Amino acid sequence: AARPSGTLPSLARIAAATWFSVAGALALAVARGQLDGGAPAEGRAADALALAGGSLDRALEAVPEMGPALELKVEVLALQGDDAAAASELARQVERAAPEELPAALERQIAFRRQRGDLDGALEGIERLIRLAPDDVELSWRHEALLAQLGRDAQRAVALEALASREPNLDRRLLALSMAARLAERAGALDRALAHYQQILAVDADDEFARESVLDLLRASGRVAELAELRIAQAAQLPDGPAVRQALSEAAWLLELRLDRPGPAARAWQALLDREPEDRIALEGLLRCRRAQGDVPGQIDALSRLTQIASDAQALPSRLASGVALAWAHETRGQLDEAADVLAQLAAGDPRGVAGQIATWTLIERATAAGDSAALAERLGELAETSTARPLRRALIEDLAWMRALVLEDDDGAATSFAQANAIEPAVGARLGALLVAARR
């Protein structure tokens, strides 16, 4: 060991270098222990570091590029507080390293820079490593992590997109796509984010987050036609329940209101009704679409179904209004008997309500126009029974009495009606009518 290294044969130089490296490592370990011991040991630690540095210099004289000695040399400089010298030594090692030793030298430089908080320098080292091994996916992930620490989202998005195309592991590929999509969303690149989420769904159709993200992005970007088409396709894959109702309803509303396409909207509402036949909202939507299409038979079908569902009190106004509309739809087609049947059902179902009153008066008008005295008398009787105003009720009953007496020649019915009118409020006309009927009988 005391002889100059240049005078030693190669094997002896290696042995000497190993000896001095071990001595340097031991001295370095002593220095670390003394530094951990606190201030009183700092002086002894400096001596140990100087001894370690000298031993390592001797080792590197014997074998200049001995890896372990180079690493220890940098650590000695760093512990001595000479970061500049340590960085310079690392740079020298990188520049002088043989091709097969360059990756290890760069790794030492990257680790040193990261420990000192020099993330830009560490990134530069990683990028240099990637140029040496462009197919190393792990290096690319390390590169992406550094970009994330530096907050360089634009570069990170590019790196993640590249990783998504190169990563052999499926889970990590999906992770890269997901992170790239979120970065694109953050940057406002909605189309690019949408493309990434669609790539995820092409591989994993059950990814709920990606599926919901696609819907949100289509809504945010105003791509209404695509959204409606996607919701219909999703509904076809869903079991009956709230999810399918929500999907088909959204598609139908978009087609009906945003795109003004009543035909496809009607098909969407009908698809929902195929799943849930008594969905009143879907029936009302189908009815609106049929009206927009001018499809009277379709309107009649939808209105007929509306009048048959929802028997609860809250749905009664809607059911009655649907009944009136159904009667008018029948009348539009010239189906007067069907219209009359619907109106009669309405009048009987809610005689004192608005819809019932409308139905009764409509039947009265039709009976008058048709000259059907019997039907007119029946409707007048129904109207009189439901009237709460005494003068109006008495007048209606008296009119009915005279119709029975003079037109229908129903003396018994006329006598009953005149008696009812006089019981409410005696009047000359009703009294004379009662005498006339009595005389005829």
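Author: Let's start where two helices touch: Glu 138, Trp 141 and Glu 144 in α7 meet Arg 172, Leu 175, Ala 176 and Met 179 in α9. Contact here means heavy atoms within 4.5 Å. Before we go on, please note that this is a predicted model, in which local features need pLDDT of at least 70 and side-chain atom pairs count only at pLDDT 80 or more, while totals for chains, interfaces and linings use all residues. Residues are numbered from 1 along each chain as its sequence is written, and side-chain values use heavy atoms, with hydrogens and water left out.

Reader: What makes residues of the contact of α7 with α9 nonpolar, polar or charged?

Author: Ala, Val, Leu, Ile, Met, Phe, Trp, Tyr, Cys and Pro count as nonpolar, Asp, Glu, Lys and Arg as charged, and the others, Gly among them, as polar. By that rule the contact of α7 with α9 divides into four nonpolar, no polar and three charged residues.

Reader: Why is α7 called roughly parallel to α9?

Author: The axes of α7 (residues 137–150) and α9 cross at roughly 30° and come within 13 Å. Angles under 35 degrees count as roughly parallel and over 145 as roughly antiparallel, with 65 to 115 roughly perpendicular and the rest oblique. So α7 is roughly parallel to α9. The crossing of α7 past α9 is left-handed, a name used if the near helix is turned anticlockwise from the far one by less than a right angle.

Reader: And why is α8 described as roughly antiparallel to α9?

Author: Helix α8 (residues 153–166) packs against helix α9 (residues 170–186) at an angle of about 150°, with the axes 8 Å apart. That angle therefore makes α8 roughly antiparallel to α9. Here, too, α8 passes α9 in a left-handed crossing. On the α8 side the contact includes Asp 153, Arg 156 and Leu 160, and on the α9 side Arg 173, Ala 176 and Leu 183 are among the partners. The contact of α8 with α9 holds nine nonpolar, no polar and five charged residues.

Reader: What makes a set of residues a nonpolar core?

Author: Its members are buried Ala, Val, Leu, Ile, Met, Phe, Trp, Tyr and Cys residues, joined through side-chain atoms within 4.5 Å. The largest one has 50 residues, of which Trp 141, Leu 160, Tyr 197 and Trp 269 touch the most other members. Helix α9 gives the most to this core, with eight residues. Another core, of 19 residues, lies apart from it and includes Ala 367 and Ile 424.

Reader: How do you know that Gln 234 is buried?

Author: Buried means under 20% relative accessible area, exposed over 50%, and partly exposed in between (1.4 Å probe, protein chains only). Gln 234 has a relative accessible area of 13%, so Gln 234 is buried. Gln 234 sits in helix α12 (residues 224–236). Leaving out residues up to four places away in sequence, Gln 234 touches Arg 211 and Leu 215.

Reader: Then why does Asp 260 count as exposed?

Author: Asp 260 has 62% relative accessibility, and therefore counts as exposed. Asp 260 lies in the loop between α13 (242–258) and α14 (262–275), with a positive phi of about 55° although it is not a glycine.

Reader: What makes Glu 409 exposed?

Author: The relative accessible area of Glu 409 is 59%, so Glu 409 is exposed. Its place is in the loop between α21 (390–407) and α22 (411–424).

Key: Axes are lines fitted to C-alpha atoms, for helices over the stretch in contact, and angles run from 0 to 180 degrees between N-to-C directions. Helices (H or I, at least four residues) and strands (E, at least two) are DSSP runs, numbered from the N terminus.
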